[in-house]
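Welcome! Take a moment to look over the sequence and the structure, and then let us walk through some of the details together.

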Amino acid sequence: MHRALRAVAGGVVGTLVLGFFLLVLDTQARGALSVAGVVARFLGVPGRPVLAVALFVALAVVGWPALFVAVEEYLPFGPDPAARGVVFAAVIGIVFVVVGRGAISGPILVLYVGFAMLAHLAYGFALGSVYGRLAR
Amino acid sequence: MIGGGVVLAVLGVLLVALGTQFLRTKGWSALARPDGGYLPGGETGVQHEEKQAGLLRWLTTVDHKDIGILYLVFGTVAALWGGTEAMMMRTELLTPQADVWTAATYNGLFTTHGITMLFFFATPVFFGIGNYFLPLLLDADDMAFPRINAIGFWMLPPALLLARAGLPADALGKILSTVGIHIPILDVLHPPETGWTLYAPLSIQTTNPQVDLLLLGLHLSGIATTLGAINFIVTVVAERGEGVGWDNVDIFSWTMLSTSGVVLFAFPLLGSAVIMMLLDRNFGTTFYLVEGGGPILWQHLFWFFGHPEVYIIFLPATGLVSTILPKFSGRRLFGFRFIVYSTLAIGVLSFGVWAHHMFTTGIDPRVRASFMFVSLAIAVPSAVKVFNWLSTMYDGRIRLTAPMILSVGSVGTFIIGGVTGVFLAAIPIDLIYHDTQYVVGHFHFIIMGIIAMMMLAASYYWYPIITGRMYDQRLARLQAALTIAGVPVTFGSMLVMGALGLPRRYADYPTQFATLQQVASVGAFVIGVGALLWLWNMVQSYRVGPRVRDADVWNLKESGQFTREWQWFEEQLDERYAADGGETDD
């Protein structure tokens, strides 16, 4: 399979995982924070959560995997693409957490940072492992 | 700016890639690991040819090893779910005010945390370990009733879903509402706020229909556990191999046998009790109403199940200490027979201590006194175990592998958990400490301090047998150390707060406890990070860990402790590598 297709397949699985974790965060937060709002701030379209979620899905399915394919061999912890995917997504996760934070503060910040990072690490792992597995 | 975060993220990724390249040109190879194991794929296909492939294999399996793995995966999922709730509780308690969530949400959190961890994490994980290893240890072909075994497991996922329907209903409702679909039932199922003990009359008066689903879920999980227990008992009694007499049944099988015996008497009673509560809630019966049996009847029935349940999950953990500790001490288990006797004694005595949960309810003082004596007495067989474990290590050749670190840590934290429990068994002290954080600290020293820690130890000890690969041992030792450090920090703080009079089950608390609460939360987050490291190590090593070629992973032959499960593993390896001439790496 062509590696662009492999990456998109990884992106689809990764997005499902990412979406699951973010949905859990949103549900567990019981209205104390809105993940759609965080995504909107991250993407620079505050106040338009539906558009933001649509853009975010597109980015996670196609955008990030494309970038991953481009930089994969330069990333540390190879040759396993899953480990590289985790590093890749960790960087994105840090930016996501910082830029998307908005006014989230106090104790819930701990949960927000922990869960959003975990969601991205899981995304990277899924992206990389599917990408690698389809190479066989 | 549109896409500001995206641009930053792209720049960040590029920076890391460039940085890595730069370090490589400087000859720093630590980031690129040429010997980082083997990539997955190219399985030899020798081992499971007779089984269905893919998903169908896992849905239809009656092989004890596969069912064991299903139990373990299920237990891990439940642990992560319940663990998330623990992290949320500790987040809420960072500040004295209930300012993260409402007090009602906090009530939901400690209720579901308790239920998930006890019914869907601890019990299934030990059943998983038992399922995988008991037949190997006993030289049996399989469990006595393989199909009942599968049924027992497959009742658990629906049981979990019923018991925990509040959260998935919430999430589903959220998703559907974004596309304009509104299903009213999804809005009314909230996590129950009754506490895991479901005390009457609160649990009967609560209108939340999720309580009914929870009761049904508990009933189902009770049936599942009872089926599993029957299977273990018959397997140990009737399925042992020719060379395995009662005189050389191993210690873990003994503890699983005892645990199963306790399950057999405890869980059916829970089933009856929850059905009566269901009838009280929905059909106007009066089992637990003042006009009928009274609310105290629920407490008697619940704790007649509930306290043995503590030993149901404690005994297998002690069995694991008794199994693993001698292997890394280079000595045989000291006083094997007395450990077996103490296990049986705990199993029997566990049914005579339940009312120590009810010292403050106003029950007859003479009844209270008798329960105090039995509660104090049950410390004796536990102490026998500790003495024997310490004697096993004494003058031994200690090897600090990850499973050994966790075993030694378990003995240490169990001593604190046990001794604080002896204090609670004394009526005058219990009257003061009842319903304080002291109680929470006490039982978490046991639940986290020996039960969860020995599960981790077992996962490290037997990982090569289950996966055929080895894990990252350095990471495992780090994880063990983090967990052992996190337990006293978290639960020690709770002991202190409870001794100072802070009640449990409150989302807000007086400001003078803020520092201790924050210390406890930091400890809990350390345990949480440890759990994630464990998960990473297990998953990643399963994918790319180095393959095990020599079954004597822990040098057990040297000390004559190469037990049956390892001998079985050796045969498997011989078969596998004889089939491909030892040429296939992967």
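## A lysine on the outside

Lys26(B) counts as exposed, because its relative accessibility is 61%. This lysine is found in the loop between helix 1 (4-25) and helix 2 (54-60) of chain B. Keep in mind as you explore that this is a predicted model.

## Where the two chains meet

Let us turn to the contact between the chains. Chain A brings 44 residues to this contact and chain B brings 46 residues. The area buried between chain A and chain B is about 3600 Å², and carbon and sulfur atoms give 73% of that area. Which three residues supply more than any other three of the area that chain A buries against chain B? They are Gln28(A), Arg30(A) and Pro107(A), which supply 18%.

Between chain A and chain B the count is 1 salt bridge. Asp80(A) and Arg543(B) form a salt bridge, with their closest N and O atoms 2.9 Å apart. On the side of chain A that touches chain B, at least two residues come from each of helix 1 (3-28), helix 2 (35-43), helix 3 (49-71), helix 4 (81-100) and helix 5 (108-133) of chain A. Helix 4 of chain A gives the largest share of that side, with 11 residues.

## Salt bridges within the chains

Over all chains, a search of the whole structure finds 9 salt bridges. One of them joins Glu72(A) and Arg84(A), whose closest N and O atoms are 3.6 Å apart. This pair links distant parts of the chain, 12 residues apart: Glu72(A) is in the loop between helix 3 and helix 4 of chain A, and Arg84(A) is in helix 4 of chain A. Are these two buried or exposed? Glu72(A) is buried, because its relative accessibility is 12%, and Arg84(A) is buried too, at 11%.

In chain B, Arg164(B) and Glu85(B) meet through their side chains in a salt bridge of 2.3 Å, N to O. Arg164(B) lies in the loop between helix 6 (156-163) and helix 7 (166-178) of chain B, and Glu85(B) lies in helix 3 (residues 64-92) of chain B, so the pair ties together parts that are 79 residues apart in sequence. Arg164(B) and Glu85(B) are both buried. Another salt bridge is formed by Asp63(B) and Lys65(B), with the closest N and O atoms 3.5 Å apart. Asp63(B) is buried at 14% relative accessibility, and Lys65(B) is buried at 14% as well.

## Rings and their partners

A search of the whole structure finds 49 aromatic pairs over all chains. Among them are Phe20(A) and Phe21(A), whose planes are at 80° with the ring centres 5.9 Å apart, so the pair is edge-to-face. Phe20(A) is exposed, at 53% relative accessibility.

Phe265(B) and Phe351(B) also form an edge-to-face pair, 6.2 Å centre to centre and with 80° between the planes. Phe265(B) is exposed, with a relative accessible area of 60%, whereas Phe351(B) is buried, at 17%.

Charged side chains can be found over rings here as well. The charged end of Arg6(A) sits over the ring of Tyr131(A), 4.3 Å from its centre. In chain B, Arg240(B) lies over the face of Trp246(B), 4.3 Å from the ring centre.

Terms used:
Residues numbered from 1 in each chain as written. Chains lettered and ligands numbered in written order. Predicted model: local features only at pLDDT ≥ 70, side-chain atom pairs only at ≥ 80, totals over all residues. Heavy atoms only, no water. Phe/Tyr/Trp six-rings, centres within 6.5 Å; stacked < 30°, edge-to-face > 60°. Buried < 20%, exposed > 50% of the residue type's maximum accessible area, 1.4 Å probe, protein only. Lys NZ or Arg CZ within 6 Å of the ring centre and 35° of its normal. Helix = DSSP H or I, 4+ residues; strand = E, 2+ residues; numbered from the N terminus. Contact = heavy atoms within 4.5 Å. Buried area = accessible area lost by both parts, 1.4 Å probe. Salt bridge = Lys/Arg side-chain N within 4 Å of Asp/Glu carboxyl O.
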